[in-house]
Amino acid sequence: MPRTVFLLMTVALLVPAAAARADEEITASPGNRYDNPNPTIDQGERLTFRNNDLREHDVTSTPPGDVNGYLFQSRLVGFGESSFVEGSQYLTTGTYAFACSIHPEMQGTLTVTSAGTPVPRPGSGGPPADTTPPALSLKASRPKARARKLAVTVTSSEAASLVLTAKVGSSRVARAVTELVAGEQKVTLKLSRRAARRLRRGRKVRLAAAAKDTAGNTGTAKLTLKVR
Ligand SMILES: [Cu+2]
């Protein structure tokens, strides 16, 4: 091997790439607290909120704006659920105070660095807006009569916020809210005792999924499963 090539390879191995910051997740814990109340993102990076508390919480900016009246806001989510922080993708360099809309004592400050590029606000004359909804599909095996959960394989063409519901007849028996990545992922729907009884009697369950991308386009998918 020529000596120069060898030297170049060595340098490439030693110098880490100017790594982009990983996507950031704010989490909440029991006791009405954010685990990381002072997160940092680059401009345009995905910010999500995950709730590990039994009480419902969200992330709501203190400054006002166009997302339900706020500059950014996640959905109000329950235990184990996560939500995209809508509006965070548009933020430019700076610091932004936020709190939980239900528990004002839960406070934090989001820092946006000067790295990265913010997503252009819709209608701001940037590149053409994304008008393509996520292409979504559902796969699942038929549940047993005594099933207490349904494992669903969800495939999405892009990152999106998913709401997945299961209905027996006209009653909703389960719901999951989570963040999807592009590709295939498992989403588990838990059934309460009562929901499991409904499923046993109803003999079939209808799954409905709606996935919203960061530009606000919603893709949907449905699947009906007969009980084994
Ligand atoms: Cu809260």
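Three aromatic pairs are found in this structure, where rings of Phe, Tyr and Trp (its six-membered ring) pair if their centres lie within 6.5 Å, and planes under 30 degrees apart count as stacked, over 60 as edge-to-face and the rest as tilted. This is a predicted model, in which local features need pLDDT of at least 70 and side-chain atom pairs count only at pLDDT 80 or more, while totals for chains, interfaces and linings use all residues. Residues are numbered from 1 along each chain as its sequence is written, and side-chain values use heavy atoms, with hydrogens and water left out.

Two of the pairs can be set side by side.

| Pair | Centre to centre | Angle between planes | Type |
|---|---|---|---|
| Y34 and F49 | 6.1 Å | 80° | edge-to-face |
| F72 and Y96 | 6.4 Å | 85° | edge-to-face |

Let's take Y34 and F49 to begin with. Y34 sits in strand β2 (residues 33-34) and F49 in strand β4 (residues 47-51), so this pair ties together parts that are 15 residues apart in sequence. Strands (E, at least two residues) and helices (H or I, at least four) are DSSP runs, numbered from the N terminus. Y34 and F49 are both buried, meaning under 20% relative accessible area, with exposed being over 50% and partly exposed in between (1.4 Å probe, protein chains only). Ring pairs also bring in F98, giving a cluster of Y34, F49 and F98.

Now for F72 and Y96. F72 belongs to the loop between β6 (64-67) and β7 (82-84), and Y96 to strand β8 (residues 94-99), so their pairing ties together parts that are 24 residues apart in sequence. Both of these residues are buried too.

Next comes the metal site. The copper ion has H57 (ND1), C100 (SG) and H103 (ND1) as its protein donors, at 1.9 to 2.1 Å. Donors here are N, O and S atoms within 2.8 Å of the metal (3.2 Å for Na, K and Ca); water is not among the atoms, so sites may look incomplete. Along the chain, the copper donors follow the spacing H-x42-C-x2-H. C100 is buried at a relative accessible area of 3%, and H103 is buried as well, at 13%.

Finally, the whole protein: it has 2 helices and 16 strands. Its 228 residues include 39% that count as buried. Contact means heavy atoms within 4.5 Å; among contacts between residues at least 6 apart in sequence, 57% join residues at least 24 apart.
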